[in-house]
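Let's look at a structure together and ask where its labels come from. Have the viewer ready.

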Amino acid sequence: MTADENGAPRSLIERATRRAIDGVGPRPVDATRDKLVDAAFHQFCIDGIARTSMEDVAKRAGTSRITIYRKFESKDALVDEVIGRELEAYFRYFTQAMAESESLADRVVTGFVTSVQRIWSNPLIKRLIDDDPALVPGLVGGGDGRNMYVVSAFVAQALRSEQRAGNLDAGVDPDMAAEMIARIAGSFVTTPGGLVDLDDADQLAAVARDYLLPMLRVSTHSM
């Protein structure tokens, strides 16, 4: 496990999130490695991360135990790769959704709905919720909250860009607003149930319009 600039160890999920947000560019093609990551994802969805062994993954991928350890030095490294790939796919989808939204109000609503539903609908997340829910808050909190701050920093950067473009009220604190959005979105995913059906995009959009837009001082008339 690596450490951050303050010397604190980074969780697997925190590192994967940071890598996904920063972008690592195209990776060299490695068909065997990709096949192992695919196999690990499907095995994790079936048996859960804790109960899946490296040998299980190798068998599903049709490779040997020696091959999987040549590609991944440990199970932690494999888990890191699987989660990183899922997060990278999410951020690509998120970025594309933002690019297709015409106004700030649209981007806020679309971003919120996309964030919650893409994570909630992921079969690995659903497996973790059913099988090992203690791991799920790490997707937002990274154990002690650091991962949430990584995500909120990503959102804050987007909000600052909106302010520079004159789309967001200058009186809004991007950092505070971003943390609130990250906490709200994260709470829906880590504690499902209640009044909002996470599979209902219209309900999630209504939450964003009724609560997030006023917090950001964004008028719904711009939608």
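This is a predicted model: local features need pLDDT of at least 70, side-chain atom pairs count only at pLDDT 80 or more; totals for chains, interfaces and linings use all residues.

Here are some questions and answers about the labels.

Q: Why is the pair of F112 and F188 called edge-to-face?
A: Rings of Phe, Tyr and Trp (its six-membered ring) pair if their centres lie within 6.5 Å, with planes under 30 degrees apart counted as stacked, over 60 as edge-to-face and the rest as tilted. The centres of F112 and F188 are 6.0 Å apart and the planes stand at 75°, so the pair is edge-to-face. The whole structure holds 2 aromatic pairs.

Q: Which parts of the chain does this pair link?
A: Distant ones: F112 sits in helix α6 (residues 104-120) and F188 in helix α10 (residues 174-190), 76 residues apart. Helices here are DSSP runs (H or I, at least four residues), numbered from the N terminus.

Q: What makes T114 count as buried or exposed?
A: Buried means under 20% relative accessible area, exposed over 50%, and partly exposed in between (1.4 Å probe, protein chains only). T114 has 9%, so it is buried. F112 and F188 are buried too.

Q: And what makes R217 count as buried or exposed?
A: Its relative accessibility is 51%, so R217 counts as exposed. R217 lies in the segment after α11 (201-215), and has a positive phi of about 60° although it is not a glycine.

Q: What does T114 touch, and what does its side chain reach?
A: Leaving aside residues up to four places away in sequence, T114 touches Y90, Y93, F94 and A97, where contact means heavy atoms within 4.5 Å. The T114 side chain also reaches the backbone oxygen of T110 at 2.7 Å.

Q: How do you know that the buried residues of α3 are on the same side?
A: The buried residues of helix α3 (residues 54-61) are M54, V57, A58 and A61. They cover an arc of only 100° around the axis (taken from the directions from the helix axis to the C-beta atoms), so they lie on the same side of α3. An α-helix has 3.6 residues a turn, so residues three or four places apart point the same way.

Q: What do these residues of α3 pack against?
A: The buried residues of α3 pack against α2 (31-47), α4 (65-71) and α5 (75-99).

Note on methods. Residues are numbered from 1 along each chain as its sequence is written. Side-chain values use heavy atoms; hydrogens and water are left out. Helices (H or I, at least four residues) and strands (E, at least two) are DSSP runs, numbered from the N terminus. A polar contact is a pair of N or O atoms within 3.5 Å; within protein, one must be able to donate a hydrogen and the other to accept it, and residues adjacent in sequence count only if both atoms are side-chain atoms.
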